[in-house]
Amino acid sequence: MFSKRAILALFLLPVLCFGCVEGFLHFKRNGAELPVEVCDPGIMGDFLAVSPSLAVRVPINLPPEWRTAPYIPPDPALNPSEYLPASYGEVLRDKLYLRSFSSLAKALSPQGMQFLKQPGWRDAIVRRDVCSADSYELLCSFVVFATLDYNGNGRRDWLVLGTQISHRDPSYTSMYWLLIEDPSPEDEHLEARLLALEEKQGVVPDPAQPKPPVLTGQAAEEKILAQCRRIASLPDPEY
């Protein structure tokens with residue numbers, strides 16, 4: 001039987017996985033060798049809207065119909081020799097090194113919980129592009145929403161959205177826009193780089209309240225550290 005937290009994860013997954021269950025959307029970049037693979041058009045649209053400085057590296061325009069597009073067969077231009085695993089979710093569970101980027105998990109999880117496959121994480125839910133797992137402190141979810149040559153070195157990178165909710169303060173959600181650069185099947189683990197931080201307060205944010213700004217660079221690092229200190233000072237989670 002799933003725990004109550006696993007049920008919460010099931011509710012969270014559709015938010016992260018909007019559009020991903022409908023299939024891949026593939027769009028070529030004009031004049032480029034690597035076509036862009038869009039696994040989740042809804043999240044891709046959110047990413048392009050987050051920050052112009054982030055979107056400028058994505059050499060495609062986002063048509064409005066992406067958010068409601070039906071299934072489109074894989075683009076044959078995708079090179080079969082590239083690292084395009086059948087399940088990104090399984091790779092994230094097994095190889096994403098949680099201490100490679102600043103987050104609640106890095107600060108609040110014990111040293112032995114560096115990967116979602118390790119003991120201490122439980123109720124793992126894996127889908128094609130998504131992995132979600134629960135622990136005493138946190139509910140974590142990660143989704144690969146697009147793959148493309150983001151850093152311009154001719155190799156495919158993964159764009160990932162990570163979401164973490166502390167059981168000490170379930171009303172606060174931290175969202176991490178991440179980049180995994182040049183992944184390969186030979187990698188023992190994958191490291192992610194923090195591109196931007198978004199925050200949400202409340203299960204349903206109050207539209208009358210101003211939306212917290214999207215933070216990047218040192219401002220994002222400082223805000224994550226401040227939230228980790230705040231959450232660590234709260235009472236232990238209840239079971």
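**Entry 1: Glu137**

I started with a side-chain pair: Glu137 and Arg168 make a polar contact of 2.7 Å through their side chains. By polar contact I mean a pair of N or O atoms within 3.5 Å; within protein, one must be able to donate a hydrogen and the other to accept it, and residues adjacent in sequence count only if both atoms are side-chain atoms.

A note on the source before going on: this is a predicted model, in which local features need pLDDT of at least 70 and side-chain atom pairs count only at pLDDT 80 or more, while totals for chains, interfaces and linings use all residues. Residues are numbered from 1 along each chain as its sequence is written, and side-chain values use heavy atoms, with hydrogens and water left out.

I placed Glu137 in the loop between strand S4 (130-134) and S5. My helices (H or I, at least four residues) and strands (E, at least two) are DSSP runs, numbered from the N terminus. Is Glu137 buried or exposed? Its relative accessibility is 11%, so Glu137 counts as buried. The scale I used is under 20% relative accessible area for buried, over 50% for exposed and partly exposed in between (1.4 Å probe, protein chains only).

I then listed its neighbours, leaving out residues up to four places away in sequence: Glu137 touches Leu108, Ile165, Ser166, His167, Arg168 and Pro237. Contact here means heavy atoms within 4.5 Å.

**Entry 2: Strand S6 and its partners**

S5 and S6 pair in the antiparallel sense over 10 bridges; I count two strands as paired if DSSP finds at least two bridges between them.

On the other pairing, S6 and S7 are antiparallel over nine bridges and form a hairpin with two residues between them. I noted two bridge partners in S7: Met175 for Thr163 and Trp177 for Leu161.

How many residues of S6 are buried? I found 10 of 10. In a regular strand the side chains alternate between the two faces of the sheet. I sorted S6 by side and found both faces covered: one has Asp157, Leu159, Leu161, Thr163 and Ile165, the other Trp158, Val160, Gly162, Gln164 and Ser166.

**Entry 3: Arg156**

Next I checked the loop between strand S5 (138-148) and strand S6 (157-166), where Arg156 is found. Arg156 is buried, at a relative accessible area of 6%. Its side chain joins that of Thr147 in a polar contact of 2.9 Å. I also saw that Tyr83 is 73 residues from Arg156 in sequence, yet their C-alpha atoms are 7.9 Å apart in space.

S7 is largely enclosed by the rest of the structure, because 10 of its 12 residues are buried. It pairs with S8 in the antiparallel sense over eight bridges, and Leu178 stands opposite Leu194 in S8.

Within S7 I picked out Ser174, which counts as buried at 1% relative accessibility. The side chains of Ser174 and Tyr176 are joined by a polar contact of 2.8 Å. Leaving out residues up to four places away in sequence, I found Ser174 touching Leu104, Gly162, Thr163, Gln164, Leu197 and Glu198.

**Entry 4: Helix H6**

I moved on to helix H6 (residues 217-232), whose 16 residues reach 23 Å from first C-alpha to last, close to the 22 Å expected at 1.5 Å a residue. That expected span is 1.5 Å times one less than the number of residues.

Which residues of H6 are buried? I have Ala220, Ile224, Gln227, Cys228 and Ile231. They cover an arc of only 105° around the axis, which puts them on the same side of H6; the arc is that of the directions from the helix axis to the C-beta atoms. This buried side packs against helix H5 (104-108), S6, strand S7 (169-180) and strand S8 (193-201). On the face turned away from it I found the exposed residues Gln218 and Arg229.

**Entry 5: The whole chain**

Last, I stepped back. The chain has six helices and eight strands, in the order α-β-β-α-α-α-α-β-β-β-β-β-β-α along the sequence. Of its 239 residues, 52% count as buried.
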